[in-house]
Amino acid sequence: MKLHVLASGSSGNSVLVESEKTLLLVDCGLSGAEAGRRITAAGCVPEEIGAIVVSHEHTDHVQGVGIMARRFGSPVYLTPGTLQGCNGQLKEGVRTEMIEAGRSFEIGEIVVRPFSISHDAADPVGFTFSCGGVKAGLATDVGFSTALVRQHLSGCNL
């Protein structure tokens with residue numbers, strides 16, 4: 001499994017999680033065109049994005065989610081609180097799948113486990129991704145490291 005950081009900062013956040021058979025986009029705070037360029041530069045094919053997973057509703061994490069989801073037909077996985085906090089940024093034509101902190105789900109061959117983090121958003125989550133014996137963790141905008149965050153990120157290879 002590989003993680004490709006496409007952007008990290010107040011002007012945009014986005015990470016690709018790549019396994020042998022599955023490609024996930026975590027957040028997309030970039031324009032659709034810029035995200036596509038960076039995905040290609042990472043050696044991946046944008047059309048192969050199996051899903052988009054959203055950590056929280058702030059613009060630097062969701063600006064390009066809707067356009068990417070519509071362009072590639074990718075479902076968007078997010079918590080109900082995050083969806084509500086998006087205030088219409090995910091317009092018609094976007095298929096959403098509701099997730100919940102503490103409840104794992106699978107996308108392709110990757111097991112995704114969202115967990116609660118401390119941040120000033122409606123229902124922010126971090127994630128661990130597991131595939132083929134490798135565990136990767138991703139927690140952005142963490143106000144402070146709680147015992148829960150440390151628990152979920154323990155044992156990560158990435």
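A: Happy to. Helices (H or I, at least four residues) and strands (E, at least two) are DSSP runs here, numbered from the N terminus. This is a predicted model, in which local features need pLDDT of at least 70 and side-chain atom pairs count only at pLDDT 80 or more, while totals for chains, interfaces and linings use all residues. Residues are numbered from 1 along each chain as its sequence is written, and side-chain values use heavy atoms, with hydrogens and water left out.

Let's start at a loop. Ser19 lies between β2 (14–18) and β3 (23–26). Its relative accessibility is 9%, so Ser19 counts as buried (buried is under 20% relative accessible area, exposed over 50%, partly exposed in between, with a 1.4 Å probe and protein chains only). The Ser19 side chain makes a polar contact of 2.5 Å with the side chain of Glu109. Such a contact is a pair of N or O atoms within 3.5 Å; within protein, one must be able to donate a hydrogen and the other to accept it, and residues adjacent in sequence count only if both atoms are side-chain atoms. Setting aside residues up to four places away in sequence, Ser19 touches Met1, Glu109, Ile110 and Cys131, where touching means heavy atoms within 4.5 Å.

Two of those neighbours lead us into a sheet: Ile110 belongs to β8 (residues 110–116), and Cys131 to β9 (residues 125–131). Four strands form this open sheet in the order β7-β8-β9-β10, with antiparallel pairing; strands pair if DSSP finds at least two bridges between them. At the edges are β7 (105–107) and β10, each pairing on one side only. Neighbouring strands are turned by 30° against each other on average, direction ignored; the axes are lines fitted to C-alpha atoms, for helices over the stretch in contact, and angles run from 0 to 180 degrees between N-to-C directions.

Now for β9 itself. Six of its seven residues are buried. On one side, six bridges join β9 to β8, with Pro114 partnering Phe127 and Phe115 standing opposite Gly126. Five bridges connect β9 to β10 (residues 134–138), again antiparallel, and here Phe127 faces Leu138.

What about the packing? The largest nonpolar core has 23 residues, of which Leu25, Ile39, Ile52, Val65, Met68 and Val76 touch the most other members. A core of this kind is a set of buried Ala, Val, Leu, Ile, Met, Phe, Trp, Tyr and Cys residues joined through side-chain atoms within 4.5 Å. At least two residues each come from β1 (2–7), β3, α1 (32–41), α3 (65–72) and β5 (76–78), and α3 gives the most, with four. Apart from this core lies another of 17 residues, among them Leu24, Ala51, Phe105 and Phe129; Phe129 falls within β9, and Phe105 within the edge strand β7.
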